[in-house]
Amino acid sequence: MNEEKSILRDDLVRLIAEDTGMTLKDTREFMTSLENNLITLFKNDTGVKLQKFASFKVVQRAPRKAYDIHSEEKGKYKIIYPKKQIKFVLSEEIDKYVNGK
């Protein structure tokens with residue numbers, strides 16, 4: 001079974017600073033700007049494509065019925081209202097690298 005591995009934002013900032021020679025302060029400012037711009041684009045339903053990495057697309061989920069597990073009535077359903085969701089798709093290049101194809 002694979003153990004989940006992850007790093008925190010500060011770890012990523014440190015890695016980028018080391019790779020680029022930027023200061024930690026400048027790298028943090030870059031990351032904050034990147035995050036703020038992505039949020040603004042997503043709020044405006046604008047997708048983002050980062051070639052050789054991934055694409056992000058804002059999609060509208062349709063309303064649907066779901067079984068209500070918290071209801072004391074057996075077989076009761078509730079409506080899950082429509083909402084926006086970010087769809088993330090890896091580039092073919094990264095997918096091949098990650099999956100060894």
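Me: Why is Glu 18 called exposed?

Reply: Glu 18 has a relative accessible area of 55%. Exposed means over 50%, buried under 20%, and partly exposed in between (1.4 Å probe, protein chains only). The value is over 50%, so Glu 18 counts as exposed. The model is predicted: local features need pLDDT of at least 70 and side-chain atom pairs count only at pLDDT 80 or more, while totals for chains, interfaces and linings use all residues. Residues are numbered from 1 along each chain as its sequence is written, and side-chain values use heavy atoms, with hydrogens and water left out.

Me: What makes Glu 18 and Arg 14 a salt bridge?

Reply: The N to O distance between the two side chains is 3.4 Å. A salt bridge needs a side-chain nitrogen of Lys or Arg within 4 Å of a carboxyl oxygen of Asp or Glu, so this pair qualifies. Arg 14 and Glu 18 are four residues apart in helix H1, which means about one helical turn separates them. Helices (H or I, at least four residues) and strands (E, at least two) are DSSP runs numbered from the N terminus. Arg 14, at 37% relative accessibility, is partly exposed.

Me: How many salt bridges does the structure hold?

Reply: There are three. One of them joins Glu 35 and Arg 9 at 2.7 Å, N to O. This pair links distant parts of the chain, since Glu 35 is in helix H2 (residues 24-43) and Arg 9 in helix H1 (residues 9-20), 26 residues apart. Glu 35 is partly exposed at 29%, and Arg 9 is also in the partly exposed class at 30%.

Me: What does the salt bridge of Asp 45 and Lys 84 tie together?

Reply: The side chains of Asp 45 and Lys 84 meet at 2.9 Å, N to O. Asp 45 sits in the loop between H2 and strand S1 (48-50), and Lys 84 in strand S5 (residues 83-90), so the bridge ties together parts that are 39 residues apart in sequence. The relative accessibility of Asp 45 is 45%, and Lys 84 has 45% as well. Both values fall between the two cut-offs, so both residues are partly exposed.

Me: How do you know that S2 and S5 are paired?

Reply: Pairing needs at least two bridges found by DSSP between two strands. Strand S2 (residues 54-61) and S5 have eight, in the antiparallel sense. Within that pairing, Val 59 stands opposite Gln 85, and Arg 61 stands opposite Lys 83. S1 and S2 also pair in the antiparallel sense, over three bridges.

Me: Why are S1 and S5 called edge strands?

Reply: The open sheet has three strands in the order S1-S2-S5. S1 and S5 each have a single partner strand, so one side of each has no neighbour in the sheet.

Me: Why is Val 48 called buried?

Reply: Val 48, in strand S1, has a relative accessible area of 11%. That is under 20%, so Val 48 is buried. Not counting residues up to four places away in sequence, Val 48 touches Leu 38, Leu 41, Phe 42, Ala 54, Ser 55 and Phe 56 (contact means heavy atoms within 4.5 Å). Of these, Phe 56 in S2 stands opposite Val 48.
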